[in-house]
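Trainee: I am new to this structure and would like a close look at one part of it. Could you show it to me first?

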Amino acid sequence: MAVENAFASGHQNQPKIKILPYSRMVGQQQIKLALEIAFIAPQRLGGVLISGQRGTGKSTAVRAFSQMVYDQLPVTLPINATEDRVVGGWNIEALLQGEDDWQSGLLTAADGKLLYIDEVNLLDDHIVNIILDVTSTGVLVVQREGRDQTTEKVSFTLVGTMNPEEGGLRPQLLDRFGLMVNVKAESDITQRVTILNNVLRFDEALGDEQSKWWKDSLVKNQAQMKKLQVAQQNFSQVEISDAMIRLCIEVAEEFKAQGNRGDYVLVMAAKAYAALHGNGLSVDNGCLKAVAPLALQHRRPDSGQGGWTDEDNQALDQLLQ
Amino acid sequence: MNNTISKLSNSLIRGLTAAALSPGLRSVLVFDATINTLMIAAKMMELMLGQITNCQITRIQLGVVETEEDLWGQLLLRNKQIAWQPGSLTRGQGQELRLVIIPDLTRLSMAGARACVALMGADVAYLERHGQRGEWQPNLCWLAGCPSKKGETGLVSPHLLDRFALRLSEPAAAVNAVGEVRPEKIKDVRDFLGDVWQSEQVEDLVLPSELADRLWQAGRVRAAFTLEAGRRVVDYFADSKSYSVRRELALLRLAQVNAQLDGVLQIKQSHVDAAAAMIGLKLWETTTNVRKPSPVIEELIEDESQIETTLPNDDMDQSSEGKELDLPPIEKKVDQSGISNDQPKREVELSMENPYREDDAPVQRELASLRFPLRRLRLSGQGGGAVIGVEPTTDVQDLAIVSTIFEAAKYQKFRRVNQIGSESRLIFQPGDLRRYRRALVPEQMLAMVIDYTCLQNSPWQAALLPYLQWAYVERAKVCLVQVGVAKNQDELRAQKVMANNILGSQIGHGLASVSGRKATPLAHGLDLTLAVLRHTLQHGRNRLEQIALVVITDGRGNVPLQASKGGELIFPVGRVGVDDALQVARQISRLKMVKAVVLNPQPSHYSDLPVILAKALGAKIADIVPHESWEVESEA
């Protein structure tokens, strides 16, 4: 049988897709902090889950961040993905010709980078199981469609976005995310008006790469990127005292974080925060206060799918006094 | 036809014009539009998009049946060759723009709904299926209809609805504020009757030249953001319940198009107001309204430097600074003769209702309605609802034969290498098996017969609650038979309400009914129930495994069945009504798969009747515990 590849390759050689620049994202400080911390302390932290209301810029933030730090859109696992594209499968056109040509999947493509799942709570259960398996073991084992078993180590930063109105995540998957952000729509009027202005300016810039606004945005992006790179380099030099580690464990205990990952993630995130914000390269209470909600809110047994209240903040302040 | 269209629905046409001009508005939801209106709107959209974008416009339609394979792509057999066929939604790229028409959003397939969520308003689209990979900037325009008069918006996930930037409606305002039919509406109907109405004529529509010119002029410029416009937009969403960045952006973009259509290079407050009027938004408070100042907004006015904005002409051609384009004004002759002088004169017809109806619509959908249904053990191998996709399987139940064949076809070259005489046959292996993935269908049904004449001071709702909860968990179909309700025009008859699940608003309304009648057509109520049960168990693609029948009554049916059916009560009645009810109950008891329970309100008179009825039904009986007297006193 002759082979026809009817799928147009029109997507090749397309101009780079523009996303609203990261430096032009207004507000949403928690999203930015979580993504930056995950970049500074990658893989070891376990990734970021961004959950929140519709239209709060979750997907845009992730894509903008990836374009800033990797100069490309993130490796994305869409909700229509089939298993062969996740773990790898045969090139169908080659197969029909009698040739064996194995295509690596998205999990391999994301090795060392960011794997982004938009609408992660709408993902097929079967695909979720695969991701759980790989993120917990760090090993991708593929034995399917007649191919001999292969084993490869993969490590990526998993980033997911979701609207909790459409259902929550299984606890096992929720636990794979080191940090969680609960996003709410911006309420400050100044910020809201600025958002509107920025988006309209972005609409204009889509047709004009030479626009001053666009160039300014890229300059600011580069400045932020340098800051993150410096922080990443300094991460391993950040000191954390035994007393601070003990405090992290106490905080995790106080908020009834399940399992052991909570205090571990808290320590790593606090170190990353210290690396990002200077702090004399040591972790202090301020670092802990900034990252505790991100590290702990989704690990509490009665928190549903996250959520950090004013009472939680007060309790945290008490502990950190 | 063109004459009719130009007067068909001004806010609708203007809204479509805005969507054609502004890529950020190319997801249009039209509430309560007839199918004819939607098709005309689609044609107008196609013409305008072609004029603005110079792209090839392809129309596709999504409905109930589309699967993921249809939308994202699949292997197909063409001219004796197996080839990958891109899906209908993967081809809107580059110089081809796809106009996606969804006639009824409440009936969209789950695959379609998930695709909308993934693609609508997205900067980038991804395909990772069956060996195919793709990443592209989608070039799509969406036009959907959605009924809303009876709260149907509650059937659609708000996560999906939120993706629609532009909300319009077919103005039903045929009458003015004092209830008089507007003369221009009469003229519209005459024009409509005068035109020869044939569906083919929709395809013959051409863009009126004046509109085409206007589009061309407006598409040449871009009206710039102003602080005044930004504040005004924020004013319209001062109510935090309705606020969302997407909604504000949509209003701003609509205002921008209004400015461009007016030939103005800056977006003014009036453009925002006109945009809000088009979609039916109300103003909550204003930043410049001295009667209702807000402390936060006062700060904003004082310190505009916080806003990262430059003068609008920074990046624009300086020669155009402050210059208004010489364009003809929008032709909008409103016949004032039928309108009271007290009414405000608006250029655009008002869409009278809230455009974000999902905020108030009662929920009539399941939780996590965009997720594929969990596989339930009872369904495995049993088939189920409509096909929504295919998935690998390890047995031959509900086999998707074609998908299985295509899966096997991929490996034939390898499998035939060492197989003699197999050239004409497909060689299958267990891994090739594919079965249909189906939507959930109800396997259970909850039938309720409620005698409203005996429920005074009875906590019957609490007694019924466990059954309602069961119906929700089991996604059961629901039948509610009401006996003796106040609103029943014919008090000799019971009435029946059906719903696909317990979330149907009609069930809620039915349960909230009250009694005001003395007639208790219990026999008719049971007879209606018997007919429903028989029909459900014996007809169609019945998948029901169990029916729960809950009867709440004191057994004192005082209307003979014959009287209910004949519409006339012949005295004396005596025990006939009660005996008729018992006779029907015995027929119900003979039905298989029906488990019945009588909830006994414990009447003070004829207290044995509920027990006798339960025996006739073959039902269990449970007492409804009455309010304790102290509870009644504390409420008083």
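In which sense, parallel or antiparallel, do strand 6 and strand 9 of chain A pair, and over how many bridges?

Mentor: Happy to take you there, keeping in mind that this is a predicted model. Strand 6 of chain A covers residues 114-118 and strand 9 of chain A covers residues 157-162; the two run in the parallel sense, joined over five bridges. To see one of these pairings on your screen, find A:Leu114: its bridge partner in strand 9 of chain A is A:Thr157. As a general point, the strands of a sheet pair through backbone hydrogen bonds, in either a parallel or an antiparallel way.

Now step back to the sheet around this pair. It is an open sheet of five strands in chain A, with the order 3-6-9-2-10 and parallel pairing. Its edges are strand 3 (75-76) and strand 10 (179-183) of chain A, each of which pairs on one side only.

Chain A as a whole has 13 helices and 10 strands. Its radius of gyration is 21 Å, close to the 20 Å that the globule rule gives for 321 residues, so chain A is as compact as a globular protein of that length. The C-alpha trace spans about 75 × 50 × 40 Å along its principal axes. Of the 321 residues in chain A, 58% are buried. Finally, take the contacts in chain A between residues at least 6 apart in sequence: 76% of them join residues at least 24 apart.

Conventions: Residues are numbered from 1 along each chain as its sequence is written. Chains are lettered from A and ligands numbered from 1 in the order in which they are written. This is a predicted model: local features need pLDDT of at least 70, side-chain atom pairs count only at pLDDT 80 or more; totals for chains, interfaces and linings use all residues. Side-chain values use heavy atoms; hydrogens and water are left out. Helices (H or I, at least four residues) and strands (E, at least two) are DSSP runs, numbered from the N terminus. The radius of gyration is taken over C-alpha atoms; the globule rule is 2.2 Å times the number of residues to the power 0.38. Buried means under 20% relative accessible area, exposed over 50%, partly exposed in between (1.4 Å probe, protein chains only). Contact means heavy atoms within 4.5 Å. Two strands pair if DSSP finds at least two bridges between them.
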